[in-house]
Amino acid sequence: MLVLAFDTATPAVTAALHDGERVLSESTTIDARRHGELLAPTVERVLAEAGVSLRDVTAVVAGSGPGPYTGLRVGLMTAQGLATTLGVPAYGICTLDAVAFGSGLDEPFLVATDARRKEVFWARYADRRTRLDGPSVVRPADVPVDGLPVVGAGAGLYPETLGQAHDPAYPYAGFLAALAAERIAAGTPLDQPHPVYLRRPDAVVPGTPKRVTA
């Protein structure tokens with residue numbers, strides 16, 4: 001097994017390789033505006049650091065969001081393109097699941113990431129592997145914290161509402177790759193690499209022009 005995983009649903013452009021037992025290499029750059037520029041070099045870097053060829057990859061995994069449309073589609077389209085070229089399966093895993101897995105928590109908690117527009121994407125977990133509710137997008141004041149720990153950058157942005165932020169802030173690809181490898185080894189069905197959009201896109205197709213009369 002050699003899983004190539006990456007996520008572009010948050011400001012973290014992150015990629016990693018996992019051989020089924022451990023993370024072989026990982027690279028992350030925090031830059032919310034250059035997902036398209038950074039992803040390919042990041043993938044090349046982790047392949048070079050692990051000393052493997054892209055042809056050695058047996059599965060490609062992308063974070064499926066939720067996240068901003070532009071950044072999110074960079075990772076998902078790349079995953080689909082690489083999988084088609086290599087003839088290997090492509091999978092999608094909820095970005096919040098990767099954050100949850102990285103927390104290492106085995107007790108109830110929430111994950112919250114930045115949704116912009118003064119909102120957060122959030123989900124509730126029974127433990128780091130088990131999502132109970134979400135993902136959803138709401139204002140920070142509407143997140144049902146109920147005294148639970150909150151993991152992720154969303155809490156860091158709104159500590160007065162969500163409380164102290166717990167690590168990790170982002171869905172680092174090492175966590176995403178480890179979660180994917182665990183599910184593949186267990187025979188757990190994985191989703192296709194389809195985006196999780198919780199909002200309509202800002203850009204819309206123009207409607208029929210209004211008729212102008214003199």
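Reply: A crossing of two helices is left-handed if the near helix is turned anticlockwise from the far one by less than a right angle, and right-handed if clockwise. Helices (H or I, at least four residues) and strands (E, at least two) are DSSP runs, numbered from the N terminus. The model is predicted: local features need pLDDT of at least 70, side-chain atom pairs count only at pLDDT 80 or more, and totals for chains, interfaces and linings use all residues. Residues are numbered from 1 along each chain as its sequence is written, and side-chain values use heavy atoms, with hydrogens and water left out.

Me: What is the handedness of the crossing of H1 and H2?

Reply: The crossing of H1 and H2 is right-handed. Helix H1 covers residues 35-50 and helix H2 residues 69-86; their axes come within 9 Å and cross at roughly 35°. These axes are lines fitted to C-alpha atoms, for helices over the stretch in contact, and angles run from 0 to 180 degrees between N-to-C directions.

Me: Which residues of H1 and H2 meet?

Reply: Contact means heavy atoms within 4.5 Å. By that criterion His35, Gly36 and Leu39 in H1 meet Gly71, Val74, Gly75 and Thr78 in H2. The residues of this contact divide into two nonpolar, five polar and no charged. Here Ala, Val, Leu, Ile, Met, Phe, Trp, Tyr, Cys and Pro count as nonpolar, Asp, Glu, Lys and Arg as charged, and the others, Gly among them, as polar.

Me: What makes the protein as compact as a globular protein of its length?

Reply: The protein has six helices and 10 strands. Its radius of gyration is 18 Å, close to the 17 Å that the globule rule gives for 214 residues, so the protein is as compact as a globular protein of that length. The radius is taken over C-alpha atoms, and the rule is 2.2 Å times the number of residues to the power 0.38. Residues 24 or more positions apart account for 60% of the contacts with a separation of 6 or more.

Me: Why is Ser136 called partly exposed?

Reply: Buried means under 20% relative accessible area, exposed over 50%, and partly exposed in between (1.4 Å probe, protein chains only). Ser136 counts as partly exposed because its relative accessibility is 24%. Of the 214 residues of the protein, 46% count as buried. Ser136 lies in strand E8 (residues 130-138) and touches Val120, Phe121, Trp122 and Leu198, not counting residues up to four places away in sequence. Ser136 and Phe121 are 15 residues apart in sequence and 5.5 Å apart in space, C-alpha to C-alpha.

Me: Where are peptide bonds cis?

Reply: The bond from Gly65 to Pro66 is cis, with omega near 10°, and Pro66 lies in the loop between strand E4 (59-63) and H2. A cis peptide bond also joins Gly134 and Pro135, with omega about 10°; Pro135 is found in strand E8.
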